[in-house]
Every structure is written in structure tokens, then in C-alpha cells.
Amino acid sequence: MNKTLIAAALASTLLAPVAAHAQKIGVTMFDYNDTFRSLLRNGVETAAKKAGATVQFEDAKQDVSTQLNQVQTFISQKVDAIIVQAVDTDSTPKITQLAAKAKIPLIYINARPSDFDKLPAGVAVGASDELYGGTVQAQAVCKQLGGKGN
């Protein structure tokens, strides 16, 4: 239940500003073989329908080359926005460059792109800081264990 709410909220929050101006959105995802990604996909689709936009989903099947080709196809189709759940964050500089050159808004979801600190205007990120999250979780466990244990 919590994953459903988080995925729906994330999708709605990220998509709302883009969908308000976009008629066609291209979405490429890591793969479809995960409950969270399915929920995220459904949330994006629901938010797009509410905004009157259409969404073209593509499954990158965990392949960087496939995902790059999908982004290039979205650009050639002149979509109004692109959403990427990156297969490998090391490929994100190339994706960012392609979308920026085409002047198409880009949103990265679920994972911070490796070029996070150098993103140009028109690129947004909806992802957590894993280092911070892990630190908070470790502190909570240590507190629960009273500072004892391995």
C-alpha cells in the first residue's frame, strides 16, 4: 500500500507541471519487471490522462543502448517531454545532452543522474539521496539496538 501511494504521488508531482504544457510524453523505464516500476508507470499514466496528455511508454529491458535509442526516437517524434528512469546513471549525460539539444524538457525519476550537479535548465529530477537515506536508516537501527551489536 505504501509503495502504491509513493509511486502515485511521485508520478503526479513530477508530471503535473510537464503535463500542463505537454500533449505527448515519452517515458523510458529501466524495465517493467518490478512492482514499484509498475506502480510508477500506472501513476504516470493516470496523471497524464488527468492533464489530457498522451504517454508513450518504452521498456529499456535493462539495456543502456536500447534506452538511448528510445530517447532518440522520442526526440525524432518531437514529443513535448521525456521522462527517464535510467538503466545506468552513467548514461545520463548523453541523455541530458540529447534532450537539451532538442530543447525538450526532461525528467529523471527514481535515480539521480550522474550529471546531477551540472543539469541544464529544462531538466528536473525526482529521486532521493541514497547516502542521506542510508545514513538516517543506519542511525535508526543503531538507536533501536542501543548502540550494541554488529
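## Close-up views of a predicted model

View 1. With a relative accessibility of 73%, Lys103 counts as exposed. Like every view here, this one is drawn from a predicted model. Lys103 sits in the loop that runs between helix 4 (92-102) and strand 4 (106-109). Its phi is positive, near 60°, although Lys103 is a residue other than glycine. For background, most residues other than glycine have a negative phi.

**View 2. Gln62, in the loop between strand 2 and helix 3.** Here we move to the stretch between strand 2 (54-59) and helix 3 (64-76), where Gln62 is found. Gln62 is not a glycine, yet its phi is positive, at about 60°. Is Gln62 buried, exposed or partly exposed? Its relative accessibility is 48%, and the cut-off for exposed is over 50%, so Gln62 counts as partly exposed.

**View 3. The salt bridge of Arg37 and Asp31.** The structure holds one salt bridge, and this close-up shows the two side chains that form it, Arg37 and Asp31, with 2.9 Å from N to O. How accessible are the two partners? Arg37 counts as buried because its relative accessibility, 14%, falls under 20%. Asp31 is also buried, at a relative accessible area of 2%.

**View 4. The largest nonpolar core.** Take a moment to find the 15 residues of this core; Val71, Ile75, Ile82, Val84, Ile95, Leu106 and Tyr108 have the most contacts inside it. At least two residues come from each of helix 3, strand 3 (81-84), helix 4 and strand 4. Helix 3 gives the largest share, four residues. Val84 makes a handy landmark: leaving out residues up to four places away in sequence, Val84 touches Thr28, Gln67, Val71, Ile95, Leu106, Ile107, Tyr108 and Ile109. Another core, of 14 residues, lies apart from the largest one, and includes Ala22, Ile25, Ala53 and Ile107.

**View 5. Ala111 and its contacts with Thr89 and Ala127.** Ala111 belongs to the loop between strand 4 and strand 5 (123-126). Beyond its neighbours within four places in sequence, Ala111 is in contact with Thr89 and Ala127. Thr89 is 22 residues from Ala111 along the chain, and their C-alpha atoms are separated by 7.4 Å.

**View 6. Helix 5 and the glycine that follows.**

Technical notes: Residues are numbered from 1 along each chain as its sequence is written. This is a predicted model: local features need pLDDT of at least 70, side-chain atom pairs count only at pLDDT 80 or more; totals for chains, interfaces and linings use all residues. Side-chain values use heavy atoms; hydrogens and water are left out. Buried means under 20% relative accessible area, exposed over 50%, partly exposed in between (1.4 Å probe, protein chains only). Contact means heavy atoms within 4.5 Å. A salt bridge is a side-chain nitrogen of Lys or Arg within 4 Å of a carboxyl oxygen of Asp or Glu. A nonpolar core is a set of buried Ala, Val, Leu, Ile, Met, Phe, Trp, Tyr and Cys residues joined through side-chain atoms within 4.5 Å.
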